[in-house]
Amino acid sequence: MAASESVNPVELLREQIEGASPDVLQAMVKTFAQALMSAEADAVCGAGYGQRSEERVNSRNGYRVREWDTRAGTIDLAIPKLRSGSYFPDWLLTHRRRAEQALVSVVATSYLLGVSTRRVEKLVEQLGIRQLSKSQVSEMAAHLDVQVEAFRNRPLDAAHYTFVWMDALTMKVREHGRTVNVHALIAVGVNADGQREVLGLDVASDEDGAGWLAFLRSLTARGLSGVQLVISDAHRGLVAAIGAALPGAAWQRCRTHYLRNLLTKVPKSAQPWIATLVRTIFDQPDADAVRAQFDRVVTTIDTKFPAAAEHLADAHDDLLAFTGFPREIWRQIWSNNPQERLNKEIRRRTDVVGIFPNRPAIIRLVGAVLAEQTDEWTEGRRYMGIELLAKARRVTVQPDQHTTNHPDPTQIAA
């Protein structure tokens with residue numbers, strides 16, 4: 001490969017765009033990387049390429065080609081060589097983002113554990129990377145595992161986590177020669193500074209009470225405290241586990257997931273009408289109006305669909321737990337929608353793998369994605385105002401909000 005001795009990034013970029021390059025992003029990355037290396041090489045030489053100067057201490061001596069794996073794909077770089085000594089850009093040694101490292105590592109590990117070569121090659125192509133050596137895989141995996149474990153086991157010392165969202169994602173993994181489903185348990189909370197933060201990740205064989213209880217106890221052992229409300233779908237055993245591990249916390253059933261369940265109780269032709277009625281419950285200005293509208297909706301539905309009305313009435317406490325908190329944050333705590341957006345980002349990465357070779361591979365990839373997301377939340381704007389959080393912490397949870405039923409943990413495990 002030849003490279004121009006004098007690199008003009010503006011001209012090269014204009015040529016790529018005018019020529020309708022099929023991959024402008026890759027061309028941009030390559031162009032500016034070459035320009036940066038050329039400038040650094042000139043600085044080492046003490047003068048620009050072809051420039052006569054008394055300050056010159058070295059001169060160029062051609063190029064050597066090196067493949068550079070980036071998020072835009074694999075790029076062939078021409079690294080300047082010097083007549084005496086050597087030059088190599090330090091930034092080429094910088095590790096890729098954690099999630100990208102994890103994805104590459106998981107795919108390569110799949111190959112080492114016997115997944116078909118054709119499938120692994122297809123996965124690597126989706127990443128835009130041409131080749132991976134076993135030493136690269138081992139180095140990345142070791143580096144990532146240390147980072148992810150530190151993230152998963154860090155102390156939760158940000159005072160109170162007033163609101164916590166929980167969800168479970170089903171993943172496929174190979175175990176004992178067959179493919180089985182496991183569940184990635186994920187918890188997200190709002191810390192004392194009003195920032196969202198991924199609190200924990202674990203992989204359980206079953207999404208039952210024992211799995212949730214062990215997960216919640218691991219969070220409290222790391223310092224989780226001050227939880228007033230847990231928001232989630234109706235996962236098996238979760239409510240009982242909340243009562244056992246987080247005494248004093250209420251449970252808010254996700255209104256979006258519940259509505260989907262309710263609509264299965266009525267004919268398809270009636271579903272738009274039912275959905276519109278239920279949504280009016282959440283459009284009220286205060287807690288009393290919400291409860292009054294809930295009763296009116298149940299009565300209205302009962303005239304045509306008594307089974308659906310009974311189903312809705314039974315979910316009264318689960319759906320209206322949010323009314324015990326300030327009106328300004330209702331939209332943020334009455335559903336699991338914030339967690340759903342995080343789940344989509346996780347799925348975007350895990351769908352590339354499909355079937356994981358083992359559970360540590362799930363922890364490595366999902367943990368890296370969650371660590372990156374927490375970093376982004378920390379640098380972004382507050383999710384909730386500090387004053388609103390202080391106001392929410394002064395709320396006294398009512399006895400009918402799933403806080404008085406503290407079952408025996410041995411019964412949950414059973």
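Q: Is Cys45 buried or exposed?

A: Cys45 counts as buried because its relative accessibility is 1%, where buried means under 20% relative accessible area, exposed over 50% and partly exposed in between, with a 1.4 Å probe and protein chains only. Bear in mind that this is a predicted model, in which local features need pLDDT of at least 70 and side-chain atom pairs count only at pLDDT 80 or more, while totals for chains, interfaces and linings use all residues. Residues are numbered from 1 along each chain as its sequence is written, and side-chain values use heavy atoms, with hydrogens and water left out.

Q: And what about Cys254, buried or exposed?

A: Cys254 is buried too, with a relative accessible area of 0%.

Q: How many disulfides are there?

A: The count comes to zero disulfides, taking a disulfide as a pair of cysteine sulfur atoms within 2.5 Å.

Q: Switching to the packing, which residues have the most contacts inside the largest nonpolar core?

A: Those are Phe163, Ile301, Leu312, Ile333 and Met384, in a core of 42 residues; a nonpolar core here is a set of buried Ala, Val, Leu, Ile, Met, Phe, Trp, Tyr and Cys residues joined through side-chain atoms within 4.5 Å.

Q: Which helix gives the largest share of this core?

A: Helix 10 does, with six residues, helices being DSSP runs of H or I with at least four residues and strands runs of E with at least two, numbered from the N terminus.

Q: What does Leu312 touch?

A: Not counting residues up to four places away in sequence, Leu312 touches Tyr258, Leu262, Phe294, Val297, Val298, Ile301 and Leu319, where contact means heavy atoms within 4.5 Å.

Q: How do helix 10 and helix 11 cross?

A: Their axes come within 7 Å and cross at roughly 160°, the axes being lines fitted to C-alpha atoms over the stretch in contact, with angles from 0 to 180 degrees between N-to-C directions. Helix 10 is therefore roughly antiparallel to helix 11, a label for angles over 145 degrees, whereas under 35 is roughly parallel, 65 to 115 roughly perpendicular and the rest oblique.

Q: Which residues meet there?

A: Phe294, Val297, Val298, Ile301 and Asp302 in helix 10 meet Pro306, Ala308, Ala309, Leu312 and Ala313 in helix 11.

Q: Last one, where does Ser205 lie?

A: Ser205 sits in the loop between strand 5 (196-204) and helix 6 (209-221), and with a relative accessible area of 48% Ser205 is partly exposed.
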